[in-house]
Amino acid sequence: MTMLDGEALDTIFRKARTQNAWKDEPVSEAKLKELYDLMKWGPTSANMSPARIVFVTSREAKAKLEPALTEGNRAKTMSAPVTAILGYDVKFYDRLPELFPHAPEAKTWFNWSDEWAEMNAFRNGSLQGAYFMIAARALGLDCGPMSGFDMKKVDELFFAGTNVKSNFLCNIGHGDPSALFPRSPRLPFDDACRIV
């Protein structure tokens with residue numbers, strides 16, 4: 001593996017910011033497909049790939065989403081070119097024969113308990129959500145992830161009749177830097193890590 005240069009690391013991590021306002025620039029369907037086709041390569045346990053994404057782009061779909069948002073998240077979400085609803089399929093194991101073909105019994109590792117399956121789906125779906133943001137930034141898009149919404153309402157509105165539950169929302173597009181807050185600090189290594 002070759003290490004990314006400093007500019008690439010700045011784009012993905014050091015200079016990337018959570019955006020709260022958006023430029024009036026659309027994000028094409030082709031770009032959304034490119035984003036998924038990059039993020040899907042991130043590893044998950046047994047290649048379970050439980051993430052399911054709804055890209056909310058139309059005015060009608062945004063109006064449908066709006067009542068599920070907390071007050072502080074409404075304006076920035078309604079003005080974002082795209083809001084991705086990142087969910088996870090609690091019955092991801094039904095696709096394991098296709099996704100993990102060298103272990104035909106892999107489905108039985110998870111389908112014996114709904115609680116066990118959902119815990120794995122949530123964990124690995126969250127990993128895929130992080131890959132989603134890294135991929136978006138690598139493709140020149142800004143992100144505004146958030147958890148301030150009514151999950152039950154979003155599930156009813158966008159995932160009814162499926163085995164998918166919502167995890168978090170992420171606005172994507174081209175951010176307006178004039179609306180950024182000062183950068184918040186992060187914990188230093190010694191406060192967050194131990195080497196044993």
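Mentor: This is a predicted model, and the structure in it holds zero disulfides. A disulfide is a covalent bond between the sulfur atoms of two cysteines. To count as one here, the two sulfur atoms must lie within 2.5 Å. Take Cys 170, whose closest cysteine sulfur belongs to Cys 143. The distance between the two sulfur atoms is 4.2 Å, which is too far for a bond. Cys 170 is also buried, because its relative accessibility is 0%. Cys 193 has a relative accessibility of 34% and therefore counts as partly exposed.

Next, the backbone. Most residues other than glycine have a negative phi. Asn 47 has a positive phi, near 55 degrees, and is not a glycine. Ser 49 is not a glycine either, and its phi is positive at about 45 degrees. Asn 47 sits in the loop between α2 and β1, the latter covering residues 51-56. Ser 49 is likewise placed in the loop between α2 and β1. As for accessibility, Asn 47 is partly exposed, with a relative accessible area of 30%, whereas Ser 49 has 16% and is buried. The limit for buried is under 20%, so the value for Ser 49 falls within that class.

Helix α2 spans residues 29-39 and packs with helix α6, residues 114-138. Their axes are 9 Å apart, and the angle is about 125 degrees. The two helices are therefore oblique to each other. The crossing of α2 and α6 is right-handed. On the α2 side, Leu 35, Leu 38 and Met 39 make the contact. On the α6 side, the contact is made by Gln 128, Tyr 131, Phe 132, Ala 135, Ala 136 and Ala 138. Sorted by class, the contact between α2 and α6 comprises eight nonpolar residues, one polar residue and no charged ones.

Asp 94 lies in the loop that runs between β2 (82-89) and α5 (96-99). Its relative accessible area is 42%, so Asp 94 is partly exposed. Asp 94 and Gly 6 are 88 residues apart along the chain, and 41 Å separates their C-alpha atoms.

Terms used: Residues are numbered from 1 along each chain as its sequence is written. This is a predicted model: local features need pLDDT of at least 70, side-chain atom pairs count only at pLDDT 80 or more; totals for chains, interfaces and linings use all residues. Side-chain values use heavy atoms; hydrogens and water are left out. Axes are lines fitted to C-alpha atoms, for helices over the stretch in contact, and angles run from 0 to 180 degrees between N-to-C directions. Helices (H or I, at least four residues) and strands (E, at least two) are DSSP runs, numbered from the N terminus. Angles under 35 degrees count as roughly parallel, over 145 as roughly antiparallel, 65 to 115 as roughly perpendicular and the rest as oblique. A crossing is left-handed if the near helix is turned anticlockwise from the far one by less than a right angle, and right-handed if clockwise. Contact means heavy atoms within 4.5 Å. Ala, Val, Leu, Ile, Met, Phe, Trp, Tyr, Cys and Pro count as nonpolar, Asp, Glu, Lys and Arg as charged, and the others, Gly among them, as polar. Buried means under 20% relative accessible area, exposed over 50%, partly exposed in between (1.4 Å probe, protein chains only).
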